[in-house]
Amino acid sequence: MLPPRPARSLSAVLRPDDPVARALTASTAAGAAANGVFYSVSALFFTRVAGLPATTVGLGLTVAGAVGVLGALLAGRLSDAVGAHRVLIAATAGQGLALLAYVLVRDPVPFALVACAAVGCRAVQGTALSAVLAVAFPGDDRVVVRARLRVVTNVSIGLGTCAAALALLAGTAQAYSAALVGTGVLTLMACLPLRALGAHPAGRAGAVAAPTGPGPAGRSPLRDRRYLAVTALNAVVGLHFGLQTVGVPLWVAARTDAPAVTVSLLMVLNTLLVATLQVRASRGTHHVPAAARAVAGAGALLALACGLYAASAAGGALLAVLLLVLAAGVHALAEVRGEAGAWGLAFELADPRRPGAYQGVSQTGYSLSAMAAPLVVTTTAVGLGTPGWVVLGVLFAAAGAATPLVVRAAQPPRAVRTRASASSAGSAASAASTGRSATTVVGDSRGAAPRVSTRGSEQVREGPAPT
């Protein structure tokens, strides 16, 4: 199976050579397009068609967010037990059915139940996808594949948003209902490419299947203080997503002289910059020190963006728009670097014997961040103005700066490659003649968990050196 090659065009991102990456790309495109439609029409459907008060919608989604946090954590253990690809397929199908069920709700309790199912399944999806990437690709490839999937996500959400404009222009109950049905159908269609993940018994895709046979249980991520600390710091940095979706729109409308359409301009700018820069920004972040530095740089850039957002309230409309565009550009740079670093740390600091459990903890951090972000950004930036922006800037900068310190405090010694014996060389030559990959063992003095990675056609197993 071919390793992912550097993407030189959008077509290379959308149609990767690797069959596992291609299946994930197709599924991600369908699911993200569904999300784009849902984000655009759901609030109007719930309030205008279902007749639910806005406060009821908010409360139901808050409860659903809590369910999502729990789902993200438990999905890790489930992925290790039955196979991450199976969990991913089941969660995607469950979310599709839940989105279809939204069309039928007219009362608060059914709405809350359906929301819990939809948000919970989406959280499970996130953990299962990360677990698939963790076991199906070596370190340098999985961050690249994850970056490409994020590009696909942004582009597809944009396309879904454009499609939702048809329903918004019609403005009828039938149009909103049809749009929601479309989101459910698209999400169910996202299950179809995922079936290919279980169809490759050898190579990378073979690792996606559930583990079989006896073996070491691995370390619990809940006892891995370094991993928990890094997850918590990434969750703090991840608050900036709430800044994009909640804080900045409210800030533009309430505190600046910029026209309301500026919000759309900033969202389009973010989408374009992320789609253009994410893969490039992810290069090298499969190395732990580089990933930590990326998160630190993202925290500093976010602090700068907060200062620019705050300054946009001091001038007239033209100056406000210019400062907001500049802030959004800096914010997008922070986003692509921060995500790249977070992925690298989540993958590389995890015990490879328990990929699902570790990715579950990582995704739980994202879920907690997403749940807390609206309250945090509205209380600080929107509620306090410039002092609130200062608080957020300091928070982002501090969390980013602390990440390399936490990583460095427990950095394992550099692995030492053992020299292959004559018999090993003979085995490697035999493996090469039969088309199999050669395996090299890399150990360190700490007795860390074994890690298998592939560089080209060579597999490298990192962990305790054989005696």
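Reader: Are Glu-335 and Arg-150 buried or exposed?
Author: The model is predicted, so local features need pLDDT of at least 70 and side-chain atom pairs count only at pLDDT 80 or more, while totals for chains, interfaces and linings use all residues. Residues are numbered from 1 along each chain as its sequence is written, and side-chain values use heavy atoms, with hydrogens and water left out. Buried means under 20% relative accessible area, exposed over 50%, and partly exposed in between (1.4 Å probe, protein chains only). By that scale, Glu-335 and Arg-150 are both buried.

Reader: How far apart are the closest N and O atoms of Glu-335 and Arg-150?
Author: The two residues form a salt bridge, that is, a side-chain nitrogen of Lys or Arg within 4 Å of a carboxyl oxygen of Asp or Glu. The pair links distant parts of the chain, 185 residues apart, with Glu-335 in helix α13 and Arg-150 in helix α6. Helices here are DSSP runs (H or I, at least four residues), numbered from the N terminus. The closest N and O atoms of Glu-335 and Arg-150 are separated by 2.1 Å.

Reader: Which residue forms a salt bridge with Glu-348?
Author: The closest N and O atoms of this pair are 2.7 Å apart. Glu-348 lies in helix α13 (residues 317–348), and its partner, 206 residues away, in helix α6 (residues 139–170). Both residues are buried. The partner of Glu-348 is Arg-142.

Reader: What is the relative accessible area of Asp-351?
Author: Asp-351 meets Arg-353 in a salt bridge, at 2.9 Å from N to O. Arg-353 is partly exposed, because its relative accessible area is 33%. Asp-351 counts as buried, because its relative accessible area is 6%.

Notes:
Helix = DSSP H or I, 4+ residues; strand = E, 2+ residues; numbered from the N terminus.
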